[in-house]
There are 4 protein chains.
Amino acid sequence: MVVVMRPHAGEPAIEDVIERLNGYGFDVHRSSGVNQTVLGAIGVKPDFDVRHIQVLEGVADVYRVTSPYKFASRSWKKNDTLIDVAGRSIGGDTLTVIAGPCSVEDEEQMEATAAHVAAHGATLLRGGAFKPRTSPYSFQGLGEEGLRLLRAAGDRHDLGVITEVMDIAKIDLIHQYTDIFQVGARNMQNFDLLKELGHAGKPVFLKRGASATIEEWLMAAEYLIAHGNPDVILCERGIRTFETATRNTLDLSSIPVVKQKSHLPIFADPSHGTGRRDAVLPMARAAVAAGADGLMVEVHPNPPAAKSDGPQSLLFDQFVQLMTHVRAIAEVVGRNVAPAHVSA
Amino acid sequence: MVVVMRPHAGEPAIEDVIERLNGYGFDVHRSSGVNQTVLGAIGVKPDFDVRHIQVLEGVADVYRVTSPYKFASRSWKKNDTLIDVAGRSIGGDTLTVIAGPCSVEDEEQMEATAAHVAAHGATLLRGGAFKPRTSPYSFQGLGEEGLRLLRAAGDRHDLGVITEVMDIAKIDLIHQYTDIFQVGARNMQNFDLLKELGHAGKPVFLKRGASATIEEWLMAAEYLIAHGNPDVILCERGIRTFETATRNTLDLSSIPVVKQKSHLPIFADPSHGTGRRDAVLPMARAAVAAGADGLMVEVHPNPPAAKSDGPQSLLFDQFVQLMTHVRAIAEVVGRNVAPAHVSA
Amino acid sequence: MVVVMRPHAGEPAIEDVIERLNGYGFDVHRSSGVNQTVLGAIGVKPDFDVRHIQVLEGVADVYRVTSPYKFASRSWKKNDTLIDVAGRSIGGDTLTVIAGPCSVEDEEQMEATAAHVAAHGATLLRGGAFKPRTSPYSFQGLGEEGLRLLRAAGDRHDLGVITEVMDIAKIDLIHQYTDIFQVGARNMQNFDLLKELGHAGKPVFLKRGASATIEEWLMAAEYLIAHGNPDVILCERGIRTFETATRNTLDLSSIPVVKQKSHLPIFADPSHGTGRRDAVLPMARAAVAAGADGLMVEVHPNPPAAKSDGPQSLLFDQFVQLMTHVRAIAEVVGRNVAPAHVSA
Amino acid sequence: MVVVMRPHAGEPAIEDVIERLNGYGFDVHRSSGVNQTVLGAIGVKPDFDVRHIQVLEGVADVYRVTSPYKFASRSWKKNDTLIDVAGRSIGGDTLTVIAGPCSVEDEEQMEATAAHVAAHGATLLRGGAFKPRTSPYSFQGLGEEGLRLLRAAGDRHDLGVITEVMDIAKIDLIHQYTDIFQVGARNMQNFDLLKELGHAGKPVFLKRGASATIEEWLMAAEYLIAHGNPDVILCERGIRTFETATRNTLDLSSIPVVKQKSHLPIFADPSHGTGRRDAVLPMARAAVAAGADGLMVEVHPNPPAAKSDGPQSLLFDQFVQLMTHVRAIAEVVGRNVAPAHVSA
């Protein structure tokens, strides 16, 4: 921690700050210039609230000099984390595509979707069984029946599956069906849930909160790792800004920033990130070009009839086109995508 | 719902939209101008996703014409909601002050704080027992022991108590000790938690999420009411913006806006809203001047030693000053504050 | 400037950074901990771009330790700046109210408005003659005729006048009529305009840009002062956020923050800050309660007929009520408002 | 315009609204449901402020149904606008790369940069002669000497040139040297400047303001076109959000949105959009993948010595790599880039 005193701060103020820092357990190095003093406070206290010092007499500014997360940082682990899911690797040279409907609705829908996305190169099937909905009057998901349908469709087409967990009480149930636990944007700072998922024994797909900084997002990952789960996949899904032409603003620059700060894989979700079908294809291409390790996209056999998020779900044809473009761009950036089983 | 077609949209496109609207169960009124057609879709479907229509050929824009919430709206209930807590009324002509430390730390701290805030006119005591902390390495609260200390201190000084609930599994435990359940900003859209609190039988203090619009906030209140709990108190605690001089941007204009849209009482929390002790007093005054029904402020007998949020906690003297100013401004806007038991 | 090296950064990287800093003219103090080195770079270079150092090998973070502005800072000038306008003082114990229509429209409108606001305690008359309008098809102002009408109405009622300048070419013309030059939010970083106003010889009313941080706003003030004009009045008028219920989000916490960082007077404009007439009164009260040195509000004899911003303009009766409330709150915070000439 | 009355609004309120609308010159179609009335107001008034109706008794909401811009819209002109600059076409199948230093510093710098970027496929040379700087103490540009050096370097290497204009008074001077006028983000709503550039006779490169919505940006383009200049190139350069890891948040989703709403070409500037050299390459690739018509990037022979924005300027080698990647991705999306004259 670095404490910058105000220009011409008096000696008593400076000494008081040093004493306080010592009281909090820091060693202090003092450096005095002509009209300004800077104090270096040495000691590892990741949970220290720097505002304790900021409010003291004579203090101009305080800077934390170590990142508040450790296990999630690139300085702790140099190499990219690879995560094994259902026999396939996520991260590294692979570009992984997760596809499927927003909500699991029925067997026919899941079968059609799983068959289609598997044929064109997706390796993980998504589908919500417990849905976080802004309105209490909206479809809230099929519950366990949804989990069963998701798993069955995935198994029939050799796809791993991923689904969202919203509450601690559901972890055990969902564990029986899923390969990856998804934590939604609204729960990114549901710390009790993160702690429990720390010993859930399966990877966690951690979406960025709509108002979370990259640092806070990595702190949420730190919760998972510190509580025992190193298999964390980050997913950029858009932040809230003043622009309303899109549902969120997909912050693709988070991809190179995270790659520099952390060893964890990072995906992008252009469906939630834009909220409009016509923007999903260009933004999926852009995410891969920016260096994403994977994509999560919503696909539905009949979007106008979807029980949730139909307007941002791709038609089957559009998914084929997306895979074709993504495959070409992946090649430019040195990534492999699972092959299509049918010709596009 | 109003559907605006693009200028010169063709007849087949218009007819297709009408057919779709009928398919979703709407009656349609058509109004054609010289070069533009507008369709009015009549029917009450609070959970309809307007983007289904937005993506159709020829559609320029779609507007929902009813607010998506019902029970939380002023058009459903004209008069201000008054909530009885521990024999005292919240809302209406009363200005209620909730005060106390961020976290419950020990008996001495709680006793000193409760005695002080009660003496100067607070009627509710706050204190966290289970704390949502950005870092997994920060103090996470005393748990049930914290609840016990909070309740005991409140009882000794005739103060009602309020504390935060972060997870469904803790509702029953917390219910034994608290008068009001607080839902924190990070859980404003934890819909499973809201549903359960719908039948918790005690009032809920619902903080605004850092990236929640006023409409989404009222939708979260709607979850509580629709699931059985009409006693909802809203609390503005700052939104996330680009400005970093303050921890959040306290959006006081939400107070007149909520007063116009809803019958629910609305408080402000200048401690979290600004994150800096020197801004709490002016922003507390401002909140009351803007029409708030109450304040929640953090007070600590020794802020530099606080285990959380010390830098934004008021010193005892500052709380006395705050109550003096607030009392004077309350009078200007026609509100009553509980009397001080000692002279300021 | 403080340069924090990454943990375990190698000696060559550290020495390279020191050499670069020396090359830029800084003296360097080195402080090495067990696994991390911190460098203090001493030397006053207000325009140094710290990113030059941030991008070097081994550097974790760089912090500027002096504020980038000087003349606008409280550390350069301890006492509040008082500004004399037309024989009346702005700042200090005085609360100044500026009122008038958005645009000057005709003589009758100006006469009615000036008479009314003067009678109730405003001391400055506002009115736009050259209007910045989002649409090229909107009313763009009366030009010099507007300036003439504004001045005449002000003179008849002993009010100083203020009007907006949008372009260097208009400075001389506007100088003939106005007492204060207003710089609008959209021009807060029109640096050529600021430089010219630095030697305009009359005070400048500098509105905060909709996406400007408080620091950038004070830097804009610094332009004016550094180019010769110390008479700068700041005005908070709302920032752009994700919330759309109000036109902007009036950031009243900027008031205590600016008071701490700067000696300049700060006003608030609740009319532009909210964009809705029903929020002007509560937010005007709130601004005064937060410590503002003055208010700018829009008043119009017939808002529905106004050529611009009618919906946020107060009716005459509402202005009377505003002055009554403001006067009462000013008293609570120790401020004087000019007396009303008629009974409210 | 569509006016939605509150549920159960009384007949007098409805009739009053109709009368007002007629007074403003609208024809009104009334549609009454069981408990709600909707009014369609027909008539083309692009500058009508809908808030006039919003504030009336009984009105719930008002929606403008036509976009406020005309000439900039895709519904006015179906085909993509192609712009001829110095004999080369911008827009359509071409992907145009603009490169060069932030500021023109001296002849050697311009010669080296122009030679390098031309050799690798850039067709336009950028360089600032008049610089908008946040600090009055920063380098403000070489002025006319800078324009001369820019033009000469461009001419020697067969590159068109582009430079920023900040003030009306400089238009004539800059016109003598440049092929394209750049309007910076801070001047996007400098309406007087836009009006003058409407008859400047050369294309305008209009950067998006940091807090401008896409609609406001297209309105600024409308100013240019309505005042006579149809040759407008849009440039996304990042918006201001709460995230501080990057200087701005490059909103690449604006590209597909603008393509849908407008016929104008749209570029991206990943240098200003991110502010960090290590993010420029991935975000340049992403912009092309998202469908941009071109890129503007900063390149400098010796970034650490640059007088402005060195930290976000590419090294020469990095520019070569960027062109290689961009060329490959351009092919995927069906675009042509000017050939490199040397092998990469």
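**Helix packing and chain relations**

Analyst: In chain C, the axes of helix H10 (residues 277-290) and helix H11 (residues 316-332) come within 9 Å and cross at roughly 25°. Axes are lines fitted to C-alpha atoms, for helices over the stretch in contact, with angles from 0 to 180 degrees between N-to-C directions. Helices are DSSP runs (H or I, at least four residues) numbered from the N terminus. This is a predicted model, in which local features need pLDDT of at least 70 and side-chain atom pairs pLDDT 80 or more, while totals for chains, interfaces and linings use all residues. Residues are numbered from 1 along each chain as its sequence is written, and chains are lettered from A in the order in which they are written.

User: Why are H10(C) and H11(C) called roughly parallel?

Analyst: Angles under 35 degrees count as roughly parallel. The axes cross at roughly 25°, and H10(C) and H11(C) are therefore roughly parallel.

User: What makes the contact of H10(C) with H11(C), by residue class?

Analyst: The contact (C-beta atoms, placed from the backbone, within 7 Å) includes Leu281(C) and Val288(C) of H10(C) and Leu322(C) and Ile329(C) of H11(C). Its residues divide into 8 nonpolar, 3 polar and 1 charged. Ala, Val, Leu, Ile, Met, Phe, Trp, Tyr, Cys and Pro count as nonpolar, Asp, Glu, Lys and Arg as charged, and the others, Gly among them, as polar.

Note on methods. Helix = DSSP H or I, 4+ residues; strand = E, 2+ residues; numbered from the N terminus. Parallel < 35°, antiparallel > 145°, perpendicular 65-115°, else oblique. Contact = placed C-beta atoms within 7 Å.
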